[in-house]
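Thank you for asking me to look over this structure before you start working with it. My remarks follow as numbered points, to be read beside the model.

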Amino acid sequence: MHWITTLLLSFAPFAQDNQDEQAKRIDDLIKQLGSDEFSAREKASGELKKIGKPAEEPLRRAAGKSDDPEVRDRARALLEAMIPRPKAQAPGLRGFNGSSVTVRSINGDSTYTIAPGDGSPAIAFHKDKAGAVKLDYTDEKGESTSVAADSLEKFVKDNKDLAGKFGITEEGIDHGGARVSFKGGLQAVPFPRAFRAPKPPLDEDDDRGAGATFAKPSEPLRAQLDIPDGQGLVVTSVDKDGAAETAGLRKNDVLLEIDGNKVTSIRAVRDHFTRTSSLELLRKGKRESLTPRKDF
């Protein structure tokens with residue numbers, strides 16, 4: 001027993017090192033979501049999607065707090081993509097407490113897809129005309145996994161833990177608030193609500209966006225530079241290597257438009273500013289246009 005305890009204790013630091021390495025890799029990939037190079041941003045998105053569940057919490061933080069709008073947008077998109085759900089729901093097939101169900105049959109082959117309303121990953125159960133079955137699900141590591149069997153009876157018998165976890169029996173599936181019968185029909189309390197990862201709220205009192213800080217022009221400055229009423233933000237600081245610096249903004253510029261959208265508040269910066277945005281601004285009292293080179 002002593003040697004087992006010693007082995008477990010010696011393994012613990014190794015496991016922690018692996019977790020630390022993965023956390024660092026996830027952070028590095030999230031930073032790459034805002035890279036100047038389109039190919040690097042796409043590669044980072046793909047890698048984060050492969051990592052799956054361990055990346056969800058860091059992505060949520062990036063979606064709500066990153067100064068780079070490109071990072072926020074890609075983080076939000078990844079969070080939605082990493083929560084599988086049916087693209088369409090057949091009429092009348094409704095789930096309980098926000099769950100959704102899709103049943104598709106082609107030439108005797110059927111696929112039952114259930115997306116739980118609590119946001120946990122969807123499952124898909126395939127049953128072909130000859131009787132063979134296959135379950136597609138997401139395991140504890142966030143990886144897509146499949147288990148198949150020659151028959152439903154054999155699947156339930158050989159995979160008792162898995163069948164119990166997802167409520168799969170020879171009669172049907174009872175999972176995530178929805179019950180599907182293999183003998184025809186769906187039984188569920190109707191309360192449909194498609195799940196989508198919520199976008200973090202924007203704090204209008206925060207003066208940061210796109211790797212810079214902004215302030216509303218004072219009335220004397222607005223009058224002096226003839227800045228349109230309700231439009232324009234003064235750049236008060238620019239972060240090194242941030243989206244604002246990459247786009248060409250400098251301290252004391254007055255940002256007027258982003259890709260043709262008038263800048264009336266910090267929300268406009270967060271919603272529209274990217275490293276490849278075209279900008280209209282006032283610099284030392286003169287109107288200028290900035291159009292950074294796009295990398296794709």
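1. Contact, as the word is used in this note, means heavy atoms within 4.5 Å. The model is a predicted one, and with that in mind I begin with I168, which, once its neighbours within four places in sequence are left aside, is in contact with F125, L135, L152, F155, V156, A163 and I173.

2. I168 also belongs to the largest nonpolar core, a group of 21 residues in which F125, L135, F155, I168 and I173 have the most contacts. Two or more residues of this core come from each of β2, β3, β4, β5 (144-149), α5 (152-158), α6 (160-165) and β7 (178-181).

3. Turning to the strands, β2 (residues 109-115) pairs with β3 (residues 123-127) in the antiparallel sense over five bridges, and one of the bridge partners is the couple I114 and I123, the latter lying in β3. On to β4 (residues 133-138), β3 is joined by four bridges, again antiparallel, with A124 standing opposite D136 of β4. Five residues lie between the strands in the hairpin of β3 and β4, where G131 takes a positive phi near 110°.

4. Lastly, the second largest pocket, with a volume of about 210 Å³, is lined by D27, I30, K31, P58, R61, A62, S66 and V71. Both α1 (2-32) and α3 (56-65) supply at least two residues of this lining, whose members divide into four nonpolar, one polar and three charged.

Technical notes
Residues are numbered from 1 along each chain as its sequence is written. This is a predicted model: local features need pLDDT of at least 70, side-chain atom pairs count only at pLDDT 80 or more; totals for chains, interfaces and linings use all residues. Side-chain values use heavy atoms; hydrogens and water are left out. Two strands pair if DSSP finds at least two bridges between them. On a 1 Å grid over the protein atoms alone, a cavity is a set of points where a 1.4 Å probe fits but cannot get out, and a pocket is an open set with protein on both sides within 12 Å along at least five of seven lines; lining residues have an atom within 4 Å of a point. Grid points are joined across faces, edges and corners, and a volume is the space filled by probe spheres set on the points. Ala, Val, Leu, Ile, Met, Phe, Trp, Tyr, Cys and Pro count as nonpolar, Asp, Glu, Lys and Arg as charged, and the others, Gly among them, as polar. A nonpolar core is a set of buried Ala, Val, Leu, Ile, Met, Phe, Trp, Tyr and Cys residues joined through side-chain atoms within 4.5 Å. Buried means under 20% relative accessible area, exposed over 50%, partly exposed in between (1.4 Å probe, protein chains only).
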